[in-house]
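Hi everyone, thanks for coming. Today I'd like to walk you through some charged side chains, so let's bring up the picture.

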Amino acid sequence: MHANVDASAMRRMNRATVLKLIRDLRTTSRIDISQMTGLNKATVSNIVDELIAEQLVLEVGYGSSSGGRKPILLRFNANAAYAIGVDVQLSHMTTVVCNIRGEPVYRQVRTLGLSEAPDVRAVLLEAIEEELRKAIAAAPPSPYGLLGACLAFPGMVDFRRGAVYYLPSLFVGEWEILADLGRSVDIPLFLDNDANCGAWNEYMAQAMKLKNLVFVNMGLGIGAGIVIEGKLYRGRDGIAGEAGHMTINPMGSACMCGGYGCWEEYASERGLMRYLREAGADLSALSLRDSLLEQALEQAQNDNRACIRAFHSLGQYLGLGIANLLNLLNPDEVILGGSVARAATFVLPEVERVIKHRALLQNKQIPVRVGSQHAVAIGASLLAVHETLFASAMEPMPT
């Protein structure tokens, strides 16, 4: 018994395949697409002509010929549309406008200070609305304008509902934030965890050559964005990747989650304070108003031995958790992001040393590197692009 072939669905899949291939290659041609995808030349030509008419693909000259007519070269029109990404953290918020290849044309950083706000929801909502209005005004003219905006939040969120389960340190929970924003912002809105956005940026930045990766986002806490076979893994309820709450010491320090010995108590900025104290650093010289990590990093760069030892301890515990992730997931690559990644000079050698001792077999050779700057905000914009342009049925764009 043969299943019926849905011709419309097949056409949408072929269209998605062709558009993604053109996006991921600097230039290509109709004949190259046909050879790489196995689609016949007439099908490819019809799809490409449609994409050119929609201004998603451009013809940019002629390629070399091995005999016969020179092929017409095609290029993805990255400036056909734009999207907004917003990285919301406890102390600040970074907003970017990127074209649909993730190239920023606008960036704004805003100080928040949410820990001192009497009504976190009201203050945060007002700040996001204001920054979105600025970003919308800053978007360059394009055939399709703004596709949408994606907010990247720390903590646990529900991508499907656009709701916040829990924001660490702020104790904000069960907040239908996209519904609130939708009353004043008239573009498609999305919400995801910040580590997921960072992971998506790193996946897209390499033209999706690696299908499995983990982005470890480290700051006041730790989260992991996981890409498996080219798709973000969010889990049943959207809260997968809370790697910071892996137990690495069952009798260890109390965590804000209510557990004990969580990884983020040992490998985040919170752990750094403990290691500075244990290393004999002069804590009285540190300002409570400024970033602890930035102050310690500056002193370590000036050869303060206590601060250097503290970062080494941080790197060892960071490596312990990453080794667990390597043994669990066996990814192609691990990428470090967040504030702790700025201290990579001191922590990364310790991470690699621990991995050599703790990871199994080929996991010992899996590369660990520092991610790109503003990975979370840019990744958020790329998620908005993915959800509006690539993820669903891939019907032709409205004209």
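Which side chain meets Glu54 in a salt bridge? The partner is Arg15, at 2.9 Å from N to O. By salt bridge I mean a side-chain nitrogen of Lys or Arg within 4 Å of a carboxyl oxygen of Asp or Glu. Glu54 sits in the loop between H3 and strand S2 (57-62), while Arg15 belongs to helix H1, so this pair ties together parts 39 residues apart in sequence. Helices (H or I, at least four residues) and strands (E, at least two) are DSSP runs, numbered from the N terminus.

A word on where this comes from: this is a predicted model, in which local features need pLDDT of at least 70, side-chain atom pairs count only at pLDDT 80 or more, and totals for chains, interfaces and linings use all residues. Residues are numbered from 1 along each chain as its sequence is written, and side-chain values use heavy atoms, leaving out hydrogens and water.

Back to our pair. Glu54 is buried at 5% relative accessibility, and Arg15 is buried at 1%. Buried means under 20% relative accessible area, exposed over 50%, and partly exposed in between (1.4 Å probe, protein chains only).

Now look at Arg11, whose side chain forms a salt bridge with Glu50 (2.3 Å, N to O). Arg11 is in helix H1 (residues 7-24) and Glu50 in helix H3 (residues 41-53), so here too parts 39 residues apart in sequence are tied together. Arg11 is partly exposed, at 37%.

Finally, Asp192 and Arg234 meet in a salt bridge (2.8 Å, N to O). Asp192 is buried at 1%, and Arg234 is buried at 13%. Through shared partners, salt bridges join Arg11, Arg15, Glu50 and Glu54 into one network.
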